[in-house]
Amino acid sequence: MLLSFVTRAPALLNAAGTNSDAAIVGLQARHIFQHGGWSPLLWGSTYQTSADSTWAALFFAVLGPTPLALMLSALVAYAALTLFAFLLLARRTSSPWRAFVAALPLVFTTACVHSYALYPPRQLALTIAFAALFAIDRADGSKRPGAWLFGGGLLVMLAWLADPYAIVFVPPATLFAALVVLRARPTFGARAGASGVYALGSLLGVVPLVLLWLHPRSQQGVVTMSPSVLGHNARLLWNECLPWAIGTKVYKPLHVMDYVEWRMPIAYAVAARAGVVFLVIAVSASLLLVLRRSSERPLRHLYALGAATVGLVFTSFFFSLMVMDHFSMRYLAGAVLVLPFVVAPLVERVGAWRGALVLAPYLLIAGVGGWFSHGDWTHRGRPVRTAAGRAEDEARLLSELQKRHVEAGVADYWAAYRLDFLWREALPVAPLHESQDRYRPYRDALDRAHRVAYVFDRGRSFEDEAKTADDFDAKGSRTERFDVGIFAVYVYERP
């Protein structure tokens, strides 16, 4: 768990550099913390819940509504996921060191896991899913297996409730529960009773899920699958998403959503491919041990859980309408998260030290890929705190706008909500396009304002600055243009 924080040090040092998607969670959490304004859905979403916002509100209650507290809420949840995986492995391997080595793929990860572990929403759903797997495993050998199975069934459905992505864990968790029941219960009646308890817990978890679907703003079309996208998604998987997810490609951010591929030195490119080869060897060796029944049944069940999850993640990727570009590599995170379960039979067979040597090449490229995906938050391999991480320009910008009696602002989506969060809503900033509104009161404040500012963030805005400023000139009288660090600001007075 400590290593999980160390490997995310660049982002922790630059927590104020958060993006607007995460800032929405922080803003909603701030309202929950300060005003009790809770709603079941995430602001502006028709399918994601406020689970991560509610979780972040607990951190705000202790640490205040800061960017660091927001990032810690997601990272602590990820560390808890790692702990659940380790405890599950420790019960099914012969030593805690073997469990530790098998769990290392959760510590050294590429950007596909970083995108969840560092920036909500979605991380809490993954943690709840792993809590469900832990509960199911505890039913094996427990004096109260029914309570653990009931909890496992309930938790896996609550994970789905927290975020639709967690649906990929529902069938594997059910398979895992069936294997646990078959091993632990010797008679048909006992097996039927235990299965019924798991089903009962799952049915109870479905109730809030159905209530969410019945909510007036809820839409579930986001999980739609279609065979028409198979070719497109397969090419994207092979050429971009899979290489980025496993570390043979690394993208570094120029802007928030503008990433360029890192041109690897030849020696490192060779090492990256060697790392993948060693990963394939580890997975294949584990499969052989499972097929030959050379590993204990508990580890075979764990491998089945991991393999089923990997298979479902890739199948859903092939047919999902949500797969659009290379950033869709984040949808492969589920497969990376279960890697410890897939390699566990090999680590158990060869021991902790030999297992670590086999996994080391892959862990190296995964760790390097994740580290350098932080962009300029690292310098020559060291984490550094940048101006964006200190939010210096943002603080000066707020001061300058308040001096000019600006009542509201407008900016690109990727700049607007981030400013709202950093400024604790001292001056409302709405996105340029009304279709991107996530919280209507910001737009209402902008519409009422007499003195407004158009803010162009050179690191985040994607619109044409001059053209957008000309459009505003037609709607009001420009009184001033000035620069504050990375920001270009146009002030207008409107009738």
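My entries below go from salt bridges to a surface patch.

**Entry 1: the count.** I kept in mind that this is a predicted model. I searched the whole structure for salt bridges and got 24.

**Entry 2: a pair across the chain.** I looked up Glu425 and found a salt bridge with Arg30, with 2.5 Å between the closest N and O atoms. Arg30 sits in helix α3 (residues 20-35), while Glu425 is in the loop between α20 (413-422) and β6 (429-431), so I noted a link between distant parts of the chain, 395 residues apart. Both Glu425 and Arg30 are buried.

**Entry 3: helix to helix.** Next I checked Arg418, whose side chain meets that of Glu394 in a salt bridge (2.8 Å, N to O). Arg418 belongs to helix α20 and Glu394 to helix α19 (residues 392-403), so this pair ties together parts 24 residues apart in sequence. I found Arg418 buried, and Glu394 too.

**Entry 4: within one helix.** I then turned to Glu400 and Lys403, a salt bridge with its closest N and O atoms 3.7 Å apart. The two are about one helical turn apart, because they are three residues apart in helix α19. Glu400 is partly exposed at 22% relative accessible area, and Lys403 is exposed at 56%.

**Entry 5: a network.** I also found a network of salt bridges linking Glu434, Asp437, Arg440, Arg443, Asp444 and Asp447.

**Entry 6: the nonpolar patch.** Last, I noted a nonpolar surface patch of Leu204, Val207, Val210, Leu211, Trp213 and Leu214, together about 560 Å² of accessible area. Leu214 lies in the loop between α11 (188-213) and α12 (230-246), and is exposed at 64% relative accessible area.

Terms used:
Residues numbered from 1 in each chain as written. Predicted model: local features only at pLDDT ≥ 70, side-chain atom pairs only at ≥ 80, totals over all residues. Heavy atoms only, no water. Patch = residues over 30% accessible without salt bridge, like charges linked within 9 Å, V, L, I, M, F, W, Y side chains within 5 Å. Areas by Shrake-Rupley, 256 points an atom, 1.4 Å probe, with all protein chains shown as cover. Salt bridge = Lys/Arg side-chain N within 4 Å of Asp/Glu carboxyl O. Helix = DSSP H or I, 4+ residues; strand = E, 2+ residues; numbered from the N terminus. Buried < 20%, exposed > 50% of the residue type's maximum accessible area, 1.4 Å probe, protein only.
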